[in-house]
Amino acid sequence: MAVRERLSGNEAVAYAIRQIAPDVMPAFPITPSTEIPQYVANYIANGKVDTEFIHVESEHSAMSAAVGASAAGARVVTATSSCGMALMWEELYVAASDRLPVVMALVNRALSGPININADHSDSMGARDSGWIQIYAESNQEVYDNFLQAYPIAENPAVRLPVMICQDGFITSHGVENILLVEDDKVKEFVGEYCPEHYLLKEKETMAIGPYAVSNYYMETKRAQREAMKNAKGAILEAAQRFERMTGRKYGFFEEYRMEDAEYAIVIIGSAAGTCKAAVDQIRETTGKKVGLLKIRVFRPFPEEELAAALKDKKAVAVLDRSEMFSATGGPVGAEVRAALYDAKSRAEVVNYFYGLGGRDITVEDFRQIYDRLEEIAQTHIIEDMYAYIGLREK
Amino acid sequence: METAYNYKEVMSRPERLAPGHRMCAGCGGTVTVRAVLRALHPEDRAVVGNATGCLEVSTFMYPYTAYEDSYIHNAFENAGATLSGVETAYRVLKKKGKIKENYKFITFGGDGGTYDIGFQSLSGAMERGHDMVYVCYDNGAYMNTGTQRSSATPQFADTTTTPAGTASSGKVQVRKDLTAIMADHHIPYAAQTTFTANFKDLHTKAQKAIYTPGAAFLNVMSPCPRGWGYDPSELMNICKLAVETCYWPLYEVADGRWILSYEPKKKLPIEDFLRPQKRFKHLFGPGGEELIGLFQAEVDRRWEELRERCGS
C-alpha cells in the first residue's frame, strides 16, 4: 500500500534520503536546494536517520568529502544548485573518473551572472561533459521515484558512475503536490546494501586512488568511462523494470505523450513538460491537430537511437532548451537531438528554441504558438526564427 | 601515553613509503613523510591523503604507488576536505560493524596546497574536529610547478614569480604564520618541527598528533635542494641552522598550552641560515646588508612574541 502524501520536491528528496539512509552526507546550502540538507538535519536531530552529516565549508569541499567517503567504502549523498555545482566542477570529473557511485540531488537553478535563483538548466547542462549520469524530473513524484532508482543505477558493477537527479528550482523543489510514497521496508529492499569490490578501508587490502597518469595511460581510462556510460543505459532500464514491479510506475529514457500519431512534436526537459501537456490536450480537443510531446528523462547517457526512432518520422519537431551554450547557434538539447536525427536520416523539419532562462515563465499559449509554428514550418519548409528566445522582451 | 624515544627502535620500523619513487635526492618532503609514518603503531592501518604537488606526482605514478597503506589523492586544494570524508566514512562504517581494523588518518600537503589554495579546506577540516592529522611539508614555494612564491615563502627569497633583479629584491611580503593560525583554531594539538637531533622532536610530535583524539596539525619545514639552492648533502645542516637562528622555532600547542620545545643556548645570526642558499644570494651583494637587517628584525620580533606566548 503506497503512502499518500502532499510534499514539495525538496521534501520528497529528503524523505527518500531518510528511507535510503546513506552513510555520509557532506553538504553546503544554496538556494533552492538548501531545504534538502535542512530536512535531513532535522531527521538526524530527531533520531529518524543515522546518516552522518559533514558541515563542509563550501560546495567544492562537499564533493571532495564525497569523493573521500565514497572511496573509503561508504554510500554518499549530497545536494546543490547552480553556482554551488559550478564551484565543485573539477570534483565532478574526479568523482566520475574515480568511478565512485555518489548520488547528488541537483535542484536546477540558473548560473550567475547576473545572480538569479530561479529555474533553468545551465547548471546541469554545464556539467554534461563531466561523466555523471543525468536524470531529470517533471514533478515531485518523478524526482522521488528517480532518487530511489539512483543508487541501483550508480552502484551497478558494470556502471560505477555518479548520478545527479535533477528537478527544477522552486517550480518542483518548492511546489507542493500530491505524491505516492513507497514504504520504508520496500525502499530498503529495492535499494539494497552498498558492497563495493575495492575500497580504502577494505580488510586486509590496500588501495591507492587518484594517480598521476602520463599520456601512455590517460586515454584508456576515458575509454573505460565511455564503456561504463554505455552500460548505464541497460542499468537504467533494469532499475526502471524493478521499480515498475514494485510500484506500477513506468520509466524509461523519455516519456512519449500522445506521440503515437503525432505529426508535430515538442522535445523538452523538466517541469515545463506539464504546461506543454496541457497545450497538447487543448489543441487536440479543440482542433484535432495531431500534436505530441517527448519529455527527455535521461540526458546522460544520451539515448540517441531511441530518440531518433521516436522523432524521425514526424513532420516537424521543436526542441526546447532551458539553457544557453553560447555556440551562437543551438542549445545543448537541440544540438544533440539534431545530430541524432541527422544520423537517422530523418526528413523532419527541426527548430530549436530557448525558453525559461533565469526562471522566466512559459505558458500554455506559448506552447500553442509553437505548435502553430511547427505546422507552418512543415508546410513551407522555411524556418525564420531558428534559435529564438520564447517570451523575450524585445524592447 | 608518550613512549620514551628510542632512536634505534624507531629507525628500524618497517618503511611505509617504499623506495623507487621519483622524489629528488635530498628532498625534505620524503624525509617528512617517512618520519611521520614511522610514528604509527605498526599494528595500526592508515589512510594517507595527499594534495597535488611534488609528493603526490612522484610517489603515485600510475601504475605504481609507493605507499604500503591505502592512499587517496583528489585535487590540489582539498586534502583537508577529502580526508574529512574518509574519516567520517570510517566512523560510520565502524559504528555499523563493517570495519574491524583500526585506522589512523594522515594527509600531506605542500605549503602551496596548505597555506594558499588549500587553506579553506584545511581550516574547515580542523574546525569540524575530524580525528585526523594534517601534515604540511613546508618547502616555502610551489616547488612542483617550478618554484613559484607561496605565502610560506620567506621575504626576499628569489622565486620564479618573485625573482631578484635590478628592480626587485625578491618576495615582498613576510611569510604567513600558519602554525599559529591553526593553533588559534583551538584544535587539541598543533606543532611546528623539522629534522633535528636524531628526529626526536619530529617523531614525538607526530606521535602526539596521530594519537591525540581530534584534529591535529603539524608544520614540518622540509627543505628543497632545487628551490633553495643548496647541495643535497646539506639537508640536515640547513634544518639545524633554521632552528639555531630561530627562523623556524620548534614549539607545540597542546590543549591551548603553548610550549617551546627548544631554545638555542646561543642564537645564531640569520645570515648563517641565508648564506648557504642560492635563493638568498642577492642579499650578500650591494644593498643586501639592509635587507638582511630587516629579515633579522622580523625573525627577532616573532621569536620574542613566541617566547612570550610560551611563558618563557
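**Entry 1: a strand pair in chain A**

I started at Asp321(A) and looked for its bridge partner in β15(A), which turned out to be Phe354(A). I was reading a predicted model here, so I kept that in mind for every entry. Next I looked at the strands around that pair.

I found an open sheet of 5 strands in chain A, in the order β10-β12-β11-β14-β15, with mixed pairing. Which strands stand at its edges? I noted β10 (254–257) and β15 (349–354) of chain A; each has a single partner strand, so one side of each is left without a neighbour in the sheet.

I identified it as α13 of chain A, residues 364–380. Helix α13 touches β11 (264–268), β12 (291–296), β14 and β15 of chain A, and its direction makes about 130° with that of β11(A).

**Entry 2: two helices in chain A**

I then turned to helix α11 (residues 304–311) and helix α12 (residues 332–343) of chain A. Their axes come within 9 Å and cross at roughly 75°. I wrote down that α11(A) and α12(A) are therefore roughly perpendicular to each other.

Which residues meet there? From α11(A) I listed Glu304(A), Leu307(A), Ala308(A) and Leu311(A). On the α12(A) side I listed Val337(A), Ala340(A), Leu341(A) and Asp343(A). Sorted by class, this contact has 6 nonpolar and 2 charged residues, with no polar ones.

**Entry 3: the domains of chain A**

I looked up how chain A is divided, and found domain 1 at 3–247 and domain 2 at 254–380. Taken over C-alpha atoms, the centres of the two domains of chain A are separated by 28 Å. For the contact between them, I found 25 residues of domain 1 meeting 22 residues of domain 2 in chain A.

On the domain 1 side, α6 (122–126), β6 (133–136) and α9 (215–247) of chain A each supply at least two residues. The largest share of that side is 5 residues, and it comes from α9(A). By class, the domain 1 side divides into 12 nonpolar, 7 polar and 6 charged residues.

For chain A I counted up 13 helices and 15 strands. Its C-alpha atoms fill a box of roughly 70 × 55 × 45 Å along the principal axes. A compact globule of 395 residues would have a radius of gyration near 21 Å, and chain A agrees with its 21 Å.

Chain B has 12 helices and 10 strands. The radius of gyration of chain B is 19 Å, close to the 20 Å from the globule rule for 312 residues, so chain B is as compact as a globular protein of that length. The box for the C-alpha atoms of chain B is roughly 70 × 45 × 40 Å, again along the principal axes.

**Entry 4: where the chains touch**

In β2(B), Ile72(B) is the bridge partner of Ile209(A).

**Entry 5: a sheet with strands from both chains**

That pairing belongs to an open sheet of 9 strands, with mixed pairing and the order β9(A)-β2(B)-β1(B)-β3(B)-β4(B)-β8(B)-β7(B)-β9(B)-β10(B). At the edges I found β9 (208–209) of chain A and β10 (257–260) of chain B; each has a single partner strand, so one side of each lacks a neighbour in the sheet.

Within this sheet I looked at β4 (residues 133–138) and β8 (residues 216–221) of chain B, which run parallel and are joined by 6 bridges. Asp138(B) stands opposite Met221(B) in β8(B). Last, I noted that helix α8 (residues 200–211) of chain B packs on the sheet, touching β3 (103–110), β4, β7 (189–193), β8 and β9 (251–254) of chain B. The direction of α8(B) makes about 160° with that of β7(B).

Note on methods: Residues numbered from 1 in each chain as written. Chains lettered and ligands numbered in written order. Predicted model: local features only at pLDDT ≥ 70, side-chain atom pairs only at ≥ 80, totals over all residues. Pairing = 2+ DSSP bridges. Helix = DSSP H or I, 4+ residues; strand = E, 2+ residues; numbered from the N terminus. Contact = placed C-beta atoms within 7 Å. Axes fitted to C-alpha atoms, helices over the stretch in contact; angles between N-to-C directions. Parallel < 35°, antiparallel > 145°, perpendicular 65-115°, else oblique. Nonpolar A, V, L, I, M, F, W, Y, C, P; charged D, E, K, R; others polar. Domains from an automatic or database assignment. Rg over C-alpha atoms; globule rule 2.2 N^0.38 Å.
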